[in-house]
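Hi,

Here is the structure I promised to pass on. Have a look at it first, and my notes follow below.

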Amino acid sequence: MAEEKHHTEHVPEWKKNEIENIMELIQSHKVFGMVGIEGILATKIQKIRRDLKDVAVLKVSRNTLTERALNQLGESIPEMNKYLDKQTALVFTNESPFKLYKVLEQTKTPSPIKGGAIAPEDIIVQKGPTSFPPGPILGELQSAGIPASIDAGKVAVKETKVVCKAGEAVPQKLATMLAKLEIYPLIVGLDLRAAYDNGTIYEPELLAIDESQYFSDITRAAQNAFNLAVNTAYPTSATIGTLLAKAFAESKNLGVNAVVFDSGVMDTLLAKAHVQMTSVASKAADKDANAVDDQL
Amino acid sequence: MEYIYAALLLHNAGKAITEDAITAVLQAAGIEVNDARVKALVAALEGVDIEEAIAKAAFAAPAAAAAPAA
Amino acid sequence: MEYIYAALLLHNAGKAITEDAITAVLQAAGIEVNDARVKALVAALEGVDIEEAIAKAAFAAPAAAAAPAA
Amino acid sequence: MEYIYAALLLHNAGKAITEDAITAVLQAAGIEVNDARVKALVAALEGVDIEEAIAKAAFAAPAAAAAPAA
Amino acid sequence: MEYIYAALLLHNAGKAITEDAITAVLQAAGIEVNDARVKALVAALEGVDIEEAIAKAAFAAPAAAAAPAA
Amino acid sequence: MEYIYAALLLHNAGKAITEDAITAVLQAAGIEVNDARVKALVAALEGVDIEEAIAKAAFAAPAAAAAPAA
Amino acid sequence: MEYIYAALLLHNAGKAITEDAITAVLQAAGIEVNDARVKALVAALEGVDIEEAIAKAAFAAPAAAAAPAA
């Protein structure tokens, strides 16, 4: 690196322009992030770039140029250099780092794994039929370590099996067969390693938001507010209906339970007496049908 | 509920529900009668269709019987 | 049903449900009393937990009422 | 239900439910007060645990009848 | 809840629910009236169909009672 | 309900629920503040154990009534 | 929950839930604001149907209210 610095004045014009360009992008956006683009095909990157265009700008550059650009900026921006790794791109946005993270997560899709690549987690083949008719594929599956047989005129996987453990390299034969079975063990997309926002560096653990938690918090907050308003009889357009209903129900309960002769509760009192009479009558009738009249 | 029972007793027997009638029934049961409550009862029953009120109860009852089975 | 109401009336007032008491209540209501029915009723109600029967009626009803809402 | 509302109003404000108090509340609302109803109300509430009576769901039959109509 | 009961009392008696009317009813009950609360109540009641709100209570009760049975 | 939310916000932050504090919060939200409503809220909350009032389920009627509509 | 209350306050008042608005409301309440929490809140609420979350609260109420009846 020292050597590179030594040659600074001999930096070609296009490199200078690139560094200027990165610096300008950082300064003209509220937030920038470093994203891993490992294993993403160039065509997919193009698609993601288009999808992001209203929210963020994606820039793929050489790490050495990014590093120089960051080092020339103030505050704690140079600290972002530690997130530079192979296959790194920069992303710029005026949204919050949380929004950026959410948008980038949405670019991720399941993808086939290549032969020789490391399995990110256990790769499991599920028992069940495949879409293939009997043929050479049966032998190919078997030799890739996938337990296959013929069932009801189709090739089928005989049992659920872990065909490659997490951390192990996927053999080429297996990779080919997994792709044929449409098993996509990789989640591929822009992987935000860190976002810089006004002096603060955010890492993904902090940026991952559990929306369902916020949803339930809102429900709880709304419930708390409703309870508080009703229990303190604070009338608002949202609580007045409940307060009126509560007062009415309480009054009706009192009227019926204390047997107050009021036209508002007479129906209920009469009905209650009638049901009680019916209940007692049926007990008496159980013992002696002659104890009650035929009307019952 | 004695007052209500007395009223329904009279109604069931096809008698008019008057203050005197209710008082007589309650007294016959050995109950000390509160004149104001008798008056209030008769007043509150004015205009009430007892058969209808009972019919509503009848509607509830059979369902009630089924409820414990649920 | 008047007979049952008479019994409930007595029960509610904390009085014993005897043939004489029921007869008195019914007569006060101007009802011609059937002695055999009074006897049968008093006998049938012996051993019946009236409180429970009443409470059950009250309890079952709201559940029933709720049913259509389900 | 005005009489009951008046009683609960007093109860909620921590005031004693007396004939005079109910009469005063009703009159302040411009209601012509029926003395017998006031007396009957106070008599009915005597010895009643109002908090408990408020909280206990009333017999629900009429509501049931209303439900299918809803 | 005193303020709410006062409003329902007036409504039941067919009187207009105004700040003055509510204040008068509460004062008659010996309650020290908070003007702001009266204003807030009258404002909240504007455009509210009280009959409808009450009908909901009648409908709701049985459902509540049914819950424990579930 | 903004006023209630403002009160809960203050309560949650361990701040006193005063007229000034509620007014400040509402104004910061760009809400035109109604003094009477603020006063009414502070009065309603006086002496109230907010934690308890929050935890106690409010009367359920409107929600229940809404259920069939859901 | 202060941050949530601030968001609901704004939502209820028909105001946009922005970082600036939430910060202003919290500061007006005398709360030291954590920028990251504000940012996280605003980003999270973009994907949350607040009306639905509120409606769920109202819907949850009847079960809760019914409990004491058991």
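Before the sheet, a word on terms: two strands count as paired if DSSP finds at least two bridges between them, and helices (H or I, at least four residues) and strands (E, at least two) are DSSP runs numbered from the N terminus. The model is predicted, so to speak with its own limits: local features need pLDDT of at least 70 and side-chain atom pairs pLDDT 80 or more, while totals for chains, interfaces and linings use all residues. Residues are numbered from 1 along each chain as its sequence is written, chains are lettered from A and ligands numbered from 1 in the order written, and side-chain values use heavy atoms, with hydrogens and water left out.

Now the sheet. In chain A, three strands form an open, antiparallel sheet in the order β6-β8-β7. β6 (128-129) and β7 (148-151) of chain A are the edge strands with a single partner each, so one side of each has no neighbour in the sheet. β6(A) runs antiparallel to β8 (residues 154-157) of chain A, and two bridges join them. Across that pair, P129(A) sits opposite A156(A).

Next, where chain A meets chain G. Counting contact as heavy atoms within 4.5 Å, 19 residues of chain A and 25 residues of chain G take part. About 1,900 Å² is buried between the two chains, 72% of it from carbon and sulfur atoms; that is accessible area (1.4 Å probe) lost on putting the two parts together, summed over both. Y214(A), F215(A) and I218(A) provide 33% of what chain A buries there, more than any other three residues.

There are two salt bridges between chain A and chain G, taking a side-chain nitrogen of Lys or Arg within 4 Å of a carboxyl oxygen of Asp or Glu. One of them links K99(A) and E46(G), at 2.9 Å from N to O. On the chain A side, α5 (97-105) and α9 (211-231) each supply at least two residues, and α9(A) gives the most, with 11 residues.

Last, a helix in chain E. Eight of the 11 residues of α3 (residues 35-45) of chain E are buried, so the helix is largely enclosed by the rest of the structure; buried means under 20% relative accessible area (1.4 Å probe, protein chains only). Among them are R37(E), L41(E) and L45(E). N34(E) caps the N-terminal end of α3(E), with a side-chain oxygen 2.8 Å from the backbone nitrogen of A36(E). Just after α3(E), G47(E) has a positive phi of about 80°.

Cheers

Notes:
Buried < 20%, exposed > 50% of the residue type's maximum accessible area, 1.4 Å probe, protein only. Polar contact = N/O pair within 3.5 Å; in protein donor to acceptor, adjacent residues only side chain to side chain.
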